[in-house]
Amino acid sequence: RRLSRRPAVTLLDVFQLHARRQPRQPLLRFQDETYTYEDMDRRSNRAAWALSRRLGLQSGRTVAVFLPNEPAYLWTWLALAKLGCPMACLNCNVRGRALRHALEAAQATLVLASPGEMGTAMGRSGGFGNTGGLWSP
C-alpha cells in the first residue's frame with residue numbers, strides 16, 4: 001500500500017528536472033573531462049534513439065549492461081530509463097560461470113558491452129550465449 005497519493009519520483013525525473021533548470025551545470029567529472037547535465041541528456045537521447053531505431057529495443061525489455069565505470073555507463077542507463085527498459089547491471093569483474101549465471105538470472109533480451117569488456121568476457125567465459133545482440137556506445 002502506498003502512503004502517498006502523489007506519483008513516484010524516479011531518478012530519471014530528478015535528472016530531467018536538473019537538466020532543464022541547470023543544463024550547463026557540471027554533472028560528472030571523469031579523468032580530464034567534465035560533462036554537464038546538457039551533455040548527458042544529449043548523449044542519452046542519442047543512445048536511446050540508436051537502441052530504439054537501430055536495434056528495435058522496446059519498453060519493458062530487460063537489457064544487461066556490461067560496461068566499465070566510465071561516462072558511457074551513465075548515459076546508457078539514462079537512455080534505457082528514457083525508453084522504459086529495466087537495466088540489469090553486470091559486474092565487469094565477474095567472469096566464467098558467475099557471469100553466465102548473472103546473464104541467465106537477468107533474462108535480458110540484449111547485452112550492451114564495450115569492446116574491451118566483450119572481448120575479455122568472451123575469451124574467458126565462452127561468450128554471452130543467446131541473450132541477443134551487442135551494442136557498444
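This is a predicted model: local features need pLDDT of at least 70, side-chain atom pairs count only at pLDDT 80 or more; totals for chains, interfaces and linings use all residues.
Asp-41 lies in helix H2 and Lys-82 in helix H3, which covers residues 71-83, so the pair ties together parts that are 41 residues apart in sequence. Helices here are DSSP runs of H or I with at least four residues, strands are runs of E with at least two, and both are numbered from the N terminus.

Residues are numbered from 1 along each chain as its sequence is written, and side-chain values use heavy atoms, with hydrogens and water left out.

The cut-offs are under 20% relative accessible area for buried and over 50% for exposed, with partly exposed in between, using a 1.4 Å probe and protein chains only.

How many salt bridges does a search of the whole structure find? The search finds 2, and besides the pair I began with there is one between the side chains of Glu-38 and Arg-42, at 3.6 Å from N to O. Glu-38 and Arg-42 both belong to helix H2, residues 37-54, where they sit 4 residues apart, about one turn of the helix. Glu-38 is partly exposed at 27% relative accessible area, and Arg-42 is partly exposed as well, at 41%.

Let me now step back to the overall layout. The protein has 5 helices and 6 strands, and read along the sequence they follow the pattern α-β-β-α-β-α-β-α-β-α-β. Of the 137 residues in the protein, 37% are buried. If we take contacts, meaning heavy atoms within 4.5 Å, between residues at least 6 apart in sequence, then 62% of them join residues at least 24 apart.

Next come the aromatic rings. Rings of Phe, Tyr and Trp, the last through its six-membered ring, pair if their centres lie within 6.5 Å, and planes under 30 degrees apart count as stacked, over 60 as edge-to-face and the rest as tilted. By this rule there are 2 aromatic pairs. In one of them, the rings of Phe-15 and Tyr-37 have centres 5.8 Å apart and planes at 35°, so the pair is tilted. Phe-15 lies in helix H1, residues 11-21, and Tyr-37 in helix H2, so this pair ties together parts that are 22 residues apart in sequence. Phe-15 is buried at 7% relative accessibility, and Tyr-37 is buried at 12%. For Tyr-35 and Trp-75, the ring centres are 6.2 Å apart and the planes stand at 55°, so this pair is tilted too. The pair links distant parts of the chain, with Tyr-35 in strand E2, residues 33-36, and Trp-75 in helix H3, 40 residues apart. Tyr-35 is buried at 9%, and Trp-75 is buried at 12%.

What about the nonpolar cores? A nonpolar core is a set of buried Ala, Val, Leu, Ile, Met, Phe, Trp, Tyr and Cys residues joined through side-chain atoms within 4.5 Å. The largest one has 23 residues, and those touching the most other members include Phe-15, Leu-51 and Leu-80. At least two residues of this core come from each of H1, H2, strand E3 (63-66), H3 and strand E5 (110-113), and the largest share, 6 residues, comes from H3. A second, separate core of 10 residues includes Leu-99, Leu-103, Ala-108 and Val-111.

Finally, I would like to look at helix H4, residues 96-106, where Gly-96, Leu-99, Leu-103 and Ala-106 are buried. Seen down the axis of H4, the buried residues fall within an arc of 95°, taken from the directions from the helix axis to the C-beta atoms, so they line one face of the helix. On the other side of H4, Arg-97, His-101, Glu-104 and Ala-105 are exposed, and just after the helix Gln-107 takes a positive phi of about 50°.

Notes
A salt bridge is a side-chain nitrogen of Lys or Arg within 4 Å of a carboxyl oxygen of Asp or Glu.
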